[in-house]
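I opened my notebook to go through this structure piece by piece. Here is what I looked up, in the order I looked.

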Amino acid sequence: MSQPSDTKGKEPAASASQESSSPPRQSRDNPGETVAHGILPAEHWAQIADGDDDDSDSALEDPLTSTASITSSILNYRTINGRTFHSNQGNAQSWFANDKSAQESMDITHHAFTLILDGKLHLAPLEGVKLHKVLDVGTGTGAWEIALALLIPHFADDHPEAIVIGTDVSPIQPTWVPPNIRFEIEDCTGRWTFEPNSFDYIHMRFLLGSIGDWNLLMQRAFDACKPGGYIESFEPSSYLESEDGSVTDTMAMGQWGKLFIEGGRKMGRSFEVYQQGTVRAALEGAGFVDVHEQDFKVPIGGWPKDAHQKAIGEFTRIGFLQDPEGYLVFLAHTMGWKREQTLVFLSHLRRELRSSKVHAFYRQKVLWARKPEA
């Protein structure tokens with residue numbers, strides 16, 4: 001088993017301290033409510049003057065929303081504060097919105113992540129593997145799957161039967177796709193319908209907060225993976241940090257991760273899979289071997305001096321600014337925040353994202369492993 005590699009990011013230095021292990025406390029406003037240490041109440045943000053929201057310290061404007069969307073008659077979407085989410089089905093609990101603005105944010109974030117990986121779609125050593133069948137769990141808009149499917153003929157030695165299957169709980173994927181792609185509506189936390197030992201490669205990304213039992217998920221992936229096949233997981237930390245103190249605990253950025261941790265506790269889902277090493281433990285527990293991991297520090301904004309890191313930071317910030325409400329509204333609603341309170345908090349977050357004085361980043365872990373030969 002390999003050791004973790006050195007950090008990829010070039011700009012941020014040593015790790016900032018985390019507070020994810022702090023025990024919960026009782027709320028003063030509602031003694032029956034449990035909250036995590038350090039979370040500021042929703043009313044706090046309305047008491048802080050927004051200040052001038054002009055362009056004097058802004059590196060970019062809010063991005064425009066895409067008009068690309070699909071229609072579907074098979075799901076009755078839930079609506080929370082005007083935003084849509086997947087319908088109730090099984091134990092599925094995806095906390096990110098699925099409407100047009102959210103989809104645009106997903107696609108921008110996908111592009112940023114290809115920059116993080118230096119243009120690659122994976123880190124698992126697939127170059128010598130003939131990929132006849134690939135599974136993308138939680139495919140979202142299908143951007144990753146479509147990009148890989150265009151390369152499948154090369155990997156699979158021009159086998160026409162090669163296929164990439166993407167699963168999700170929302171049918172937000174495009175209808176015009178390469179012929180070797182298939183999208184399926186499926187909850188990965190439920191029973192898997194795939195044949196055992198059928199996939200050469202299984203890809204998972206950004207499932208934190210949606211999985212109740214990671215051990216069960218990885219066991220099902222192990223059963224579906226071919227002997228000798230690979231699995232790869234991409235999960236970030238929820239915390240936004242800085243090395244120079246420009247992100248403080250009382251800023252919206254400093255509160256962001258704490259809100260997700262507490263909201264996850266209320267939902268019975270964890271947003272601390274990065275901090276707790278959840279994915280690696282589940283991979284090894286399921287029986288995967290040769291587990292590798294690589295950590296990245298992903299800048300948010302154009303503050304890095306290195307050109308490549310600057311480009312990553314700019315796209316990461318654009319993805320954030322495209323739809324921060326789509327990330328937060330479900331969890332804020334879970335914690336009892338009113339929509340007006342959520343919007344006030346997000347106005348502070350947007351101003352901080354635009355500021356050239358804030359040198360924020362988040363942490364990202366990539367793990368890949370192999371199923372032993374039979």
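**Ground rules**

I am working with a predicted model, in which local features need pLDDT of at least 70, side-chain atom pairs count only at pLDDT 80 or more, and totals for chains, interfaces and linings use all residues. I number residues from 1 along each chain as its sequence is written, and side-chain values use heavy atoms, with hydrogens and water left out.

**The whole chain**

I checked confidence before anything else; pLDDT is the predictor's confidence in each residue, from 0 to 100. The chain has a mean pLDDT of 78, and 72% of its residues reach 70 or more. Residues 1-35 have a pLDDT below 50, and this stretch has 80 contacts in the model beyond near neighbours in sequence. Residues 58-74 are also below 50, with 33 contacts beyond near neighbours in sequence. Contact here means heavy atoms within 4.5 Å.

Next I looked up the secondary structure and found 11 helices and 12 strands. Helices (H or I, at least four residues) and strands (E, at least two) are DSSP runs, numbered from the N terminus.

I noted that 55% of the 374 residues count as buried. Buried means under 20% relative accessible area, exposed over 50%, and partly exposed in between, with a 1.4 Å probe and protein chains only. Of the contacts between residues at least 6 apart in sequence, 77% join residues at least 24 apart.

Two packed helices are described by the angle between their axes and the distance between the axes. Axes are lines fitted to C-alpha atoms, for helices over the stretch in contact, and angles run from 0 to 180 degrees between N-to-C directions.

At what angle do α5 and α8 cross? I found roughly 45° for α5 (residues 214-224) and α8 (residues 278-286), with the axes coming within 8 Å. That makes α5 oblique to α8; angles under 35 degrees count as roughly parallel, over 145 as roughly antiparallel, 65 to 115 as roughly perpendicular and the rest as oblique. The crossing is right-handed. A crossing is left-handed if the near helix is turned anticlockwise from the far one by less than a right angle, and right-handed if clockwise.

On the α5 side I listed W214, N215, M218, Q219 and F222, and on the α8 side T278, V279, A282, L283 and A286. By class, this contact has seven nonpolar, three polar and no charged residues. Ala, Val, Leu, Ile, Met, Phe, Trp, Tyr, Cys and Pro count as nonpolar, Asp, Glu, Lys and Arg as charged, and the others, Gly among them, as polar.

Just after α8, G287 has a positive phi of about 115°.

**Helices α9 and α11**

The axes of α9 (residues 307-322) and α11 (residues 339-354) come within 11 Å and cross at roughly 160°, so α9 and α11 are roughly antiparallel. Their crossing is left-handed. I found R317, F320 and L321 of α9 in contact with R350, L353 and R354 of α11. By class, that is three nonpolar, no polar and three charged residues.

**Positive phi**

Most residues other than glycine have a negative phi. Which way does the phi of D118 go, positive or negative? I found a positive value of about 55°. D118 sits in the loop between α2 (100-116) and β5 (133-137) and is partly exposed, with a relative accessible area of 44%. N197 also has a positive phi of about 55° without being a glycine. N197 lies in the loop between β7 (181-185) and β8 (199-205) and is partly exposed at 39%.

L259 is in helix α6 (residues 252-267). Is L259 buried or exposed? At 2% relative accessibility, L259 is buried. Leaving aside neighbours within four places in sequence, I found L259 in contact with I39, L328, M335, W337 and F345. L259 and L328 are 69 residues apart in sequence, with 8.6 Å between their C-alpha atoms.

Last, I looked up P304, in the loop between β11 and α9. P304 is buried, with a relative accessible area of 1%.
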